[in-house]
Amino acid sequence: MQEIIKKFLGPAIEMRHHLHQIPELKYEERKTSAFIAETLTSYGYEVQQGVGGTGVVGLLDSGHPGKTLAFR
């Protein structure tokens, strides 16, 4: 698990810094939503946009039964 965290920590920090450079008002996060959708798509997720307005849902089916993980 530590190896996975190390692998994604740098990119996660970069994404956080990027998102903080484009502040948007509540319920008007269009640029943020587009960035998240593009990022998830590049990782192979099936992406649904416009959920509840500007929400984004990314689905990644591993093809194996098991637990579901959700981020907010």
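Ile13 is partly exposed, because its relative accessible area of 39% lies between the 20% and 50% cut-offs. This residue is found in helix 1, which covers residues 2-20. The model is a predicted one. Its chain has 72 residues, and 8% of them count as buried.

**Overall layout**

- The chain holds two helices and two strands.
- Read from the N terminus, the order of elements is α-α-β-β.
- Helix 2 spans residues 30-42, and strand 2 spans 55-59.
- Along the principal axes, the C-alpha atoms fill a box of roughly 35 × 25 × 20 Å.

- Which residues make the nonpolar surface patch? They are Met1, Ile4, Ile5, Phe8, Leu9 and Ile13.
- The patch covers about 620 Å².
- Phe8, a patch member, lies in helix 1.
- From Phe8 to Glu38 the chain runs 30 residues, and their C-alpha atoms are separated by 17 Å.

- His17 is found in helix 1.
- Is His17 buried or partly exposed? It is partly exposed, because its relative accessible area is 44% and buried would mean under 20%.
- His17 and Phe35 are 18 residues apart along the chain. Their C-alpha atoms are separated by 13 Å.

**The loop between the helices**

- Tyr27 sits in the loop between helix 1 and helix 2.
- Most residues other than glycine have a negative phi.
- Tyr27 is not a glycine, yet its phi is positive, at about 70°.
- Tyr27 is exposed, because its relative accessible area of 59% is over the 50% cut-off.

**Helix 2**

- Thr32 lies in helix 2.
- Thr32 and Gln2 are 30 residues apart in sequence. From C-alpha to C-alpha, they are 28 Å apart in space.

**The largest pocket**

- Rolling a probe the size of a water molecule over the atoms shows where empty space is left.
- How much space lies in the largest pocket? The volume is about 1,700 Å³.
- The pocket is lined by 33 residues. Closest to its centre are Leu40, Tyr45, Gly58, Ala70 and Phe71.
- Helix 1, helix 2 and strand 2 are the elements that each give two or more residues to the lining.
- By class, the lining has 18 nonpolar residues, eleven polar ones and four charged ones.

Technical notes
Residues are numbered from 1 along each chain as its sequence is written. This is a predicted model: local features need pLDDT of at least 70, side-chain atom pairs count only at pLDDT 80 or more; totals for chains, interfaces and linings use all residues. Side-chain values use heavy atoms; hydrogens and water are left out. Patches are made of residues with over 30% relative accessible area and no salt bridge: like charges are joined within 9 Å, nonpolar side chains (Val, Leu, Ile, Met, Phe, Trp, Tyr) within 5 Å. Accessible areas come from the Shrake-Rupley method with a 1.4 Å probe; for residues, only the protein chains shown count as cover. A salt bridge is a side-chain nitrogen of Lys or Arg within 4 Å of a carboxyl oxygen of Asp or Glu. Helices (H or I, at least four residues) and strands (E, at least two) are DSSP runs, numbered from the N terminus. Buried means under 20% relative accessible area, exposed over 50%, partly exposed in between (1.4 Å probe, protein chains only). On a 1 Å grid over the protein atoms alone, a cavity is a set of points where a 1.4 Å probe fits but cannot get out, and a pocket is an open set with protein on both sides within 12 Å along at least five of seven lines; lining residues have an atom within 4 Å of a point. Grid points are joined across faces, edges and corners, and a volume is the space filled by probe spheres set on the points. Ala, Val, Leu, Ile, Met, Phe, Trp, Tyr, Cys and Pro count as nonpolar, Asp, Glu, Lys and Arg as charged, and the others, Gly among them, as polar.
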